[in-house]
Amino acid sequence: MTSSDRHFSRRRLLSGAAALAGGSLLLGCSPGSRDSGTELNYWHLMTGGDGIVMAGLVDEANGLKAGYHAKQTVLAWGPPYYTKLAMASAGGRAPDLAIMHASRIAGYAPGGLLEPWDLDLLAEVGLKESDFPPLVWQKGLYDGKLYSIALDTHPFVLYYNTEHAAKAGVTDSLATLGSAEEFTEVATKLQKVTGKHGLSYGYLGDPSQMWRLFYTFYRQTGAEMKLVPGTKAEVDQDAAVTALKFVQSLLNDTIATRSGDGGTAVSEFLHGESGMLFGGVWELPVLKDSKMPFDAMPIPTLFGQQAAYADSHTFVLPRQSKTDPGRRRYTYQLVAEILKRSVKWAGAGHIPAYQPVVKSAEYLELKPQSNYVGIPAYVNYDPDVWFSGAGSDFTGYFAENVQNVYLGSGDPAAGFDGFVQRLNKLLDRPQPV
């Protein structure tokens, strides 16, 4: 704990933790048994296929019999997870290790809910800054200290049906798209092949999906979004309107349905009723299981500058009232062993953050994963501010003002302005911790 962290009272930490996690308190949070000096408590939110892979990686690390045994606690994704983690950290009774989305670091590190990583100790277990993409490493920094170590980058990408693309004569065009007009032309040609839609994109009931596509195109214009508490939001209204008008033009019930949700979009693509799909890399296992002919690529640069929305699963050290040097060293070893085996994590679509894995022949043979391996070089995370990030209400604020724009009945400028007004109200509030 730093000297500045000691200025936070337990009451303030607890109240701040509740606010950061959305205000919902879960009772009975406990980090688990501390009876075994070498049993490491590891909390994460990996379920389904991701959970199976993570369990396998932990089992392999435990199997080394290196003096520790990691015990996994899997909690529900979203606000329940972040609430419990925040409260455990505020109370000083947190697990030895936890997974946190990179987009949440800005809300947790400033308030003393996380402890920084020791770079010298990381070097002892074989991890150094040059092993990670610069933008991914930098996302874990706050006030000059490293608060998170990325396991992966999971971006928003473009999938396409290779058979439909060949029939439409757009296979080569997909590789060279450089403008919104060219993308619309390709999507139109694909629609003529499918007879239904050229593109699948679902967003109803899913504010995060709305935000991911918008923010990708907004950042492709070169625009930034700076959110600093105590000041007005710094945004580019013209760039936002450009991005929103383009999304609105795609959702015209011909290129793409105007009112689809995520499940409908994936199903439509799987059944060959569209030629392309905007989706996260986490959709890859379902697409592969279907045996359909498809490929994946970064979302094309349509507005001048390479940009892609993404987040990262990262390892963090939640704040504890007491830390044992031996347990802490074992925690570093556990992280190193998982990272060095993360080519298995790539099977679910994620891009491993540990570069020796990404550069390995085993990873480069993975298709279509290696097609989008370059995205971390120009990745865009949510704006750094305490109320943003995965599992927060940030994207909900966007959706409540912009969903009608996507539906075709709202004005892009008015919708974005409503979102900015909401941001400014939040920026007027002091950070909880």
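**Local packing and aromatic contacts in the predicted model**

Leaving aside neighbours within four places in sequence, threonine 194 is in contact (heavy atoms within 4.5 Å) with His164, Gly272, Glu273, Ser274 and Gly275. The structure is a predicted model, in which local features need pLDDT of at least 70 and side-chain atom pairs count only at pLDDT 80 or more, whereas totals for chains, interfaces and linings use all residues. Residues are numbered from 1 along each chain as its sequence is written, and side-chain values use heavy atoms, with hydrogens and water left out.

Threonine 194 belongs to helix α9 (residues 180-194); helices (H or I, at least four residues) and strands (E, at least two) are DSSP runs numbered from the N terminus. Because its relative accessibility is 18%, threonine 194 counts as buried (buried, under 20% relative accessible area; exposed, over 50%; partly exposed, in between; 1.4 Å probe, protein chains only). Its side chain reaches the backbone oxygen of glutamine 191 at 3.3 Å, and a polar atom of that side chain lies 3.1 Å from the backbone nitrogen of lysine 196.

Aromatic pairs were then examined. A search of the whole structure finds 33 of them, a pair being rings of Phe, Tyr and Trp (its six-membered ring) with centres within 6.5 Å, and planes under 30 degrees apart counting as stacked, over 60 as edge-to-face and the rest as tilted. Tryptophan 211 and phenylalanine 398 pair edge-to-face, at 5.3 Å centre to centre with 80° between the planes. Tryptophan 211 lies in helix α10 (residues 207-220) and phenylalanine 398 in helix α17 (residues 394-406), so this pair ties together parts that are 187 residues apart in sequence. Both tryptophan 211 and phenylalanine 398 are buried. Phenylalanine 246 and phenylalanine 303 also form an edge-to-face pair, with 5.6 Å between centres and 75° between planes. Since phenylalanine 246 is in helix α11 (residues 237-250) and phenylalanine 303 in the loop between β11 (294-298) and β12 (308-311), the pair ties together parts 57 residues apart in sequence. Phenylalanine 246, at 6% relative accessibility, counts as buried. One aromatic cluster includes Trp211, Phe214, Tyr215, Trp386, Phe398 and Phe419.

Charged groups also sit over rings (NZ of Lys or CZ of Arg within 6 Å of the ring centre and within 35 degrees of the ring normal). The charged end of lysine 84 sits over the ring of tryptophan 43, 5.8 Å from its centre, and that of arginine 104 over the ring of tyrosine 82, 4.4 Å from its centre.

In strand β12, Ala308 and Ala310 point one way and Tyr309 and Asp311 the other, and all are buried. Strand pairing requires at least two DSSP bridges. Two bridges join β12 to the antiparallel strand β8 (residues 152-161), where proline 155 is the bridge partner of alanine 310. Two bridges also join β12 to strand β15 (residues 379-380), which runs parallel; tyrosine 309 has asparagine 380 as its bridge partner in β15.

Methods
A polar contact is a pair of N or O atoms within 3.5 Å; within protein, one must be able to donate a hydrogen and the other to accept it, and residues adjacent in sequence count only if both atoms are side-chain atoms.
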